[in-house]
There are 2 protein chains.
Amino acid sequence: MASSAPKYDVFQAIADPTRRRLLQLLVEQEMPVTVISGHFPISRTAVSKHLRILAEAGLVQERKVGRETRYRMQPEPLRELKQWLAYYEQFWDNKLAALAHYIEHQDSEGMVDRVPKIVKQERETKGK
Amino acid sequence: MASSAPKYDVFQAIADPTRRRLLQLLVEQEMPVTVISGHFPISRTAVSKHLRILAEAGLVQERKVGRETRYRMQPEPLRELKQWLAYYEQFWDNKLAALAHYIEHQDSEGMVDRVPKIVKQERETKGK
DNA sequence: ATATTACGACACCATTTGGTTTCGTGTCAA
DNA sequence: TTGACACGAAACCAAATGGTGTCGTAATAT
């Protein structure tokens with residue numbers, strides 16, 4: 001219920017290649033819809049819909065300027081992704097540092113149901 | 001044709017919450033399909049289809065043992081995600097370290113068309 | 001005042017997606 | 001051998017997704 005309630009899913013938002021290219025385009029610059037859609041082979045309306053999905057995921061911010069709406073990327077929600085990744089990082093290297101970092105940053109955000117807090121599956125989980 | 005030809009998309013593979021839970025379940029243990037599907041409210045066949053998608057993305061590995069097929073997570077393909085993320089990390093902190101890390105690891109994989117090599121978008125909206 | 005531009009809201013459409021049930025086949029157990 | 005089990009394949013379905021074109025309205029330009 002905090003102000004930044006991401007009602008759409010970050011994982012889903014970045015699943016689409018067009019949306020990833022949108023982020024890439026808007027990461028450094030704010031741009032109005034028409035200009036943005038000039039960079040894509042699809043219609044302005046289609047771009048608009050992608051932008052709305054990204055906005056709902058918190059990945060872009062919109063700002064009205066006169067008759068245009070300018071969009072810009074907002075990278076913060078990617079933190080959630082990073083945390084999710086951090087959990088798995090320990091498994092592809094033997095990097096203890098990764099695990100340490102993971103533990104250290106566990107409760108930064110509302111990630112509770114997304115990534116397990118190093119939880120035992122109900123399986124045996126005897127010592128390693 | 002290298003053994004790790006990810007013909008499915010990692011971004012898309014992890015977009016689905018069920019598939020993320022599958023990864024979480026299989027990250028430390030190999031399991032046969034029936035056991036896996038016992039952890040989910042959906043049918044075994046549905047689970048099987050998710051597993052195939054994950055397998056095509058290289059995120060799980062299958063191994064036949066007698067009449068059962070055992071699956072286990074393989075985290076390597078997440079490297080691609082990590083690299084994608086690394087590019088954006090520089091934008092949410094002023095962390096120069098992030099940028100440094102990004103540059104340093106730029107050509108590790110075949111990511112060329114996915115993340116730009118610090119490219120200048122055409123600038124047009126000048127000033128404010 | 002009138003025309004043009006920017007853009008969201010709709011209505012619509014084809015394809016993909018996540019799910020189901022049924023069936024066939026290979027493997028193990030009695 | 002006969003039966004039960006594990007599982008993928010296939011056929012099918014509803015809903016979501018990514019796309020289109022048209023329209024209305026607010027802001028700007030002539």
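The residues of the surface near DNA strand C divide into five nonpolar, nine polar and seven charged. Here Ala, Val, Leu, Ile, Met, Phe, Trp, Tyr, Cys and Pro count as nonpolar, Asp, Glu, Lys and Arg as charged, and the others, Gly among them, as polar. A residue is near a strand if one of its heavy atoms lies within 4 Å of it.

This is a predicted model, in which local features need pLDDT of at least 70 and side-chain atom pairs count only at pLDDT 80 or more, while totals for chains, interfaces and linings use all residues. Residues are numbered from 1 along each chain as its sequence is written, chains are lettered from A and ligands numbered from 1 in the order in which they are written, and side-chain values use heavy atoms, with hydrogens and water left out.

**DNA strand C**

The protein places 21 residues around DNA strand C. The nearest are A:Thr34, A:Ser48, B:Ser43, B:Lys49 and B:His50. Of the atoms of DNA strand C that come within 4 Å of the protein, 62% belong to sugar and phosphate. Both chains contribute elements. At least two residues each come from α3 (33-37), α4 (44-56) and β3 (68-73) of chain A and from α4 (44-56) of chain B. Helices (H or I, at least four residues) and strands (E, at least two) are DSSP runs, numbered from the N terminus. The top contributor is α4(B), with four residues.

**DNA strand D**

Around DNA strand D there are 22 residues. A:Gln12, A:Lys49, A:His50, B:Thr34 and B:Ser48 are the closest. Sugar and phosphate make up 66% of the DNA strand D atoms within 4 Å of the protein. The surface near DNA strand D draws at least two residues from each of α4 of chain A and α3 (33-37), α4 and β3 (68-73) of chain B. Its largest share, four residues, is from α4(A). By type, the surface holds six nonpolar, nine polar and seven charged residues.

| Side chain | DNA atom | Distance |
|---|---|---|
| B:Arg19 | phosphate oxygen, DNA strand C | 3.1 Å |
| B:Thr45 | base oxygen, DNA strand C | 3.4 Å |
| B:His50 | phosphate oxygen, DNA strand C | 2.3 Å |
| A:Gln12 | phosphate oxygen, DNA strand D | 2.6 Å |
| A:Lys49 | base oxygen, DNA strand D | 2.5 Å |
| B:Thr34 | phosphate oxygen, DNA strand D | 2.4 Å |

Seven of the ten residues of α2 (residues 17-26) of chain A are buried, so the helix is largely enclosed by the rest of the structure. Buried means under 20% relative accessible area, exposed over 50%, and partly exposed in between (1.4 Å probe, protein chains only). The buried set is A:Arg19, A:Arg20, A:Leu22, A:Leu23, A:Gln24, A:Leu25 and A:Leu26. A:Asp16 caps the N-terminal end of α2(A), with a side-chain oxygen 2.8 Å from the backbone nitrogen of A:Thr18.

A:His50 sits in helix α4 of chain A. This residue is buried, at 16% relative accessibility. Leaving out residues up to four places away in sequence, A:His50 touches A:Asp16, A:Thr18, A:Arg19, A:Leu22 and A:Ile42. Contact here means heavy atoms within 4.5 Å.

**Strands of chain A**

Two strands pair if DSSP finds at least two bridges between them. β3(A) pairs antiparallel with β1 (residues 31-32) of chain A over two bridges. β3(A) also pairs antiparallel with β2 (residues 60-65) of chain A, over six bridges. A:Tyr71 of β3(A) is the bridge partner of A:Met31, and A:Glu62 also stands opposite A:Tyr71. The hairpin of β2(A) and β3(A) has two residues between the strands, and A:Gly66 takes a positive phi near 60° there.

**Salt bridges**

Eleven salt bridges are found over all chains. Each is a side-chain nitrogen of Lys or Arg within 4 Å of a carboxyl oxygen of Asp or Glu. A:Arg63 and A:Glu30 form one, at 2.6 Å from N to O. A:Arg63 lies in β2 of chain A and A:Glu30 in the loop between α2 and β1 of chain A, so the pair ties together parts 33 residues apart in sequence. A:Arg63 is partly exposed at 42% relative accessibility, whereas A:Glu30 is buried at 18%.

Another salt bridge links B:Lys82 and A:Glu89, with the closest N and O atoms 2.2 Å apart. B:Lys82 lies in helix α5 (residues 78-92) of chain B and A:Glu89 in helix α5 (residues 78-92) of chain A, so the pair joins two chains.

Conventions:
Polar contact = N/O pair within 3.5 Å; in protein donor to acceptor, adjacent residues only side chain to side chain.
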